[in-house]
Structure formats: C-alpha cells, structure tokens
Amino acid sequence: MLDGLRIDSHKLMFHPDRVSDWARGKDIFPIFLDVSPTSACNHSCIFCGLDYAHNNKAVLSGKVMGDLITDCAGHGVRSIMYAGEGEPLINKSLAEIIVLTKKKGIDAALNTNGVLMGKNFLKKTLGSLTWVRVSIDAGCEKTYMKIHGAREGDFARVLDNLKSAVSIKKKMRYDVTIGTQLLLLKENAADALLLAKRLKSIGVDYLIVKPYSKHPLSKNDAGTEIDYTKMAGLEKRLLRYADKDFAVFFRKDTMKKRFKEKPYMRCFGAPFWAYISADGEVYPCHTYLGIKKYSFGNLNKESFYKLWKGNRRKKVMAYFYNKMDARNCRELCRLDEINKYLWQLKNPHPHVNFI
C-alpha cells in the first residue's frame, strides 16, 4: 500500500481527465487544497518556513471552512490537507470540519505536530482521514525541545498520542495511514535511528526523512549547515528498521536536487492546487503567502468558486504562465515533479512518437 505514496514523485498521471482539460487550455479546478485552519502555533521550530506568517489571531471560522468544502465538492476538488502556517489542531472547529470533508466526498488529511492530537480528537476523526502525518523531528525530549521550541512533556505526549492513534486504528479497522516525518538537520541527525526504533515499536506506518528547504521570506536558516550528500550511511542504517509493517522514506532524490537548477521555466502546476491561509486569502501556493498581489481574493468575502473564476486569479495565472521564471522560485518546491511532467507535455521531444 505504501509504495503508492510516491513521496519523491507525483500523482498527476492518475488524473488524466484533468490533465487533458488543462492541456487543451480549459480553466480547470484544483485537485488538491492546502488549508491553514490557524496561523497560531504552540511550538517555535527552528526550521519553520512559515515563521514570518505566524499570527495568534488568524483563525479560519468553521463556517468559512464548511462553505469552502461544500463549494469545492461540486467542482472537482478531490482532497484537502489541513496544515498551514500554524498548528491546525488549535482551531477548535477542525474535528467537525474533517468529518464534513469526508461526508462531502473529499479525501481529508492532517499534518500536525501531534501535541494536541488526543484520544477524543482521534476517535472523532480517524475514520474520516485518509492519512495523518506527525512532524516529530527528534528521537529524545532534549533534542525535541531544542528543535521545536516545545514545552517539557510535549515529546512524551506526542508519542502517547501516536500510540492512541495506532490503537484506535486497529480496534476500529480504519483505513487510515499514520505517518511521521523528521526534517533532517545537523541538530537531530544523531537522533534519527533512535526515532525510527521508537516509531516502529509504536506501530506507525512510516517515517519520512526529508531535507530542509528555505522559504524566501523565512527568517530561519537552520538547514543551511547540513551537507545532505554525506547522508548515504544514515539512509542505510535507517532502512534496517524497515519491513512490511514499517516503511522508511529517505528522500535522497530530493536532497540531491536541492541546489540544482530547475529544468523548466514556468510553473504549470499551479492550477492543480491552491493554498488557503488562516486569514482566508487564497494563493496559488504558500511560496506567495502574505504577498497580496498574488492572492485570488478572500473567502471571508467571496466563495471559492467566485474567486477561482474571478479576474484577480486570471491576472495572477497570466503572470505564472507568461512572465514568472520558475527557476528563481523556491528550492525543493512541492510542485517540482509535477512541473517537470507538465513542462514535457507542453514541450515534447521530437522523438516522442517512437514509443
């Protein structure tokens, strides 16, 4: 099952109808939404790429999120990940919103630091989630507190919550994937093996080890001092913990391309997803979070449908298609593999008919 996650690749080939419509010039709706329920956070991670956007007052209301889900369900949006600028579980409406997402026929996922992911929340939501991923980033409390800016006891709480999630999943026979991730830094590299051992004993489905990627507006630069080209030995040791019940995804392919120039000039992937910030602004992606000239508008004022079909979005997309040089965009962009795929569709090699 986990082989289909395609962590270092993409899944756009599984949506041929949408890709075909896009290739023919149709104005398509996104397949995926990245929604930020709040910009408030209970941690202060040294690697946070959206640190500049933290705001303890920005919260998407349950009504706005509910209207968004209802609107999107009728226009081909197939998945929503609840993550964003802050810790999504701080938003008290999130449990019912996750349940509503599933009821409306949209796949739901959650990216969280896991501290607030208690039993009551898990019992309400696990049956409605396709996957949940916990950013844990350390193998012991000391390292965890240093990297996450966390309170004493948070590390143990996250591990307990993961145990509860695994227990509830097994008891209720839920088809939900429970994953974890470690953003590899010089401060936590020595913890990776200990973390893998602990997570395997808990029974989670996988551990992702991924590289640092600096957001252009972030003040943090915690990952600039690590050389990922020297991590082959760590990958081998981590893979010793992998078996049919516990996968380890060491994102070496992404690590290798960290400083490589992109082989495409335009961001063609933008129409297939959207980022919704905690203050209701809709952006083509979180690289442009907070830069209002790239916003399509605000969900507190207009529906997602109207914003997606509106003139502001048309102007932004015209820039993406005609002027933006994607080679100067954020390193290790989440749309990178999709952009490679779409760029080849738009610029095929002369020999493509020789299959």
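Colleague: How many strands does the open sheet have, and in what order?
Modeller: This is a predicted model, where local features need pLDDT of at least 70, side-chain atom pairs count only at pLDDT 80 or more, and totals for chains, interfaces and linings use all residues. Residues are numbered from 1 along each chain as its sequence is written, and side-chain values use heavy atoms, leaving out hydrogens and water. Strands are DSSP runs of E with at least two residues, helices runs of H or I with at least four, numbered from the N terminus. The pairing is mixed, and the open sheet has 10 strands in the order β7-β6-β5-β4-β3-β2-β1-β8-β9-β10.

Colleague: Which strands stand at the edges?
Modeller: Two strands pair if DSSP finds at least two bridges between them. Two strands have a single partner strand each, so one side of each is left without a neighbour in the sheet: β7 (247–250) and β10 (297–298).

Colleague: Are the residues on the two faces of β1 buried or exposed?
Modeller: Buried means under 20% relative accessible area, exposed over 50%, and partly exposed in between (1.4 Å probe, protein chains only). Phe-32 and Asp-34 lie on one side of β1 (residues 32–35), Leu-33 and Val-35 on the other, and all are buried.

Colleague: In β8, what is the bridge partner of Val-35?
Modeller: β1 and β8 (residues 273–276) run parallel, joined by 4 bridges. The partner of Val-35 in β8 is Ile-276.
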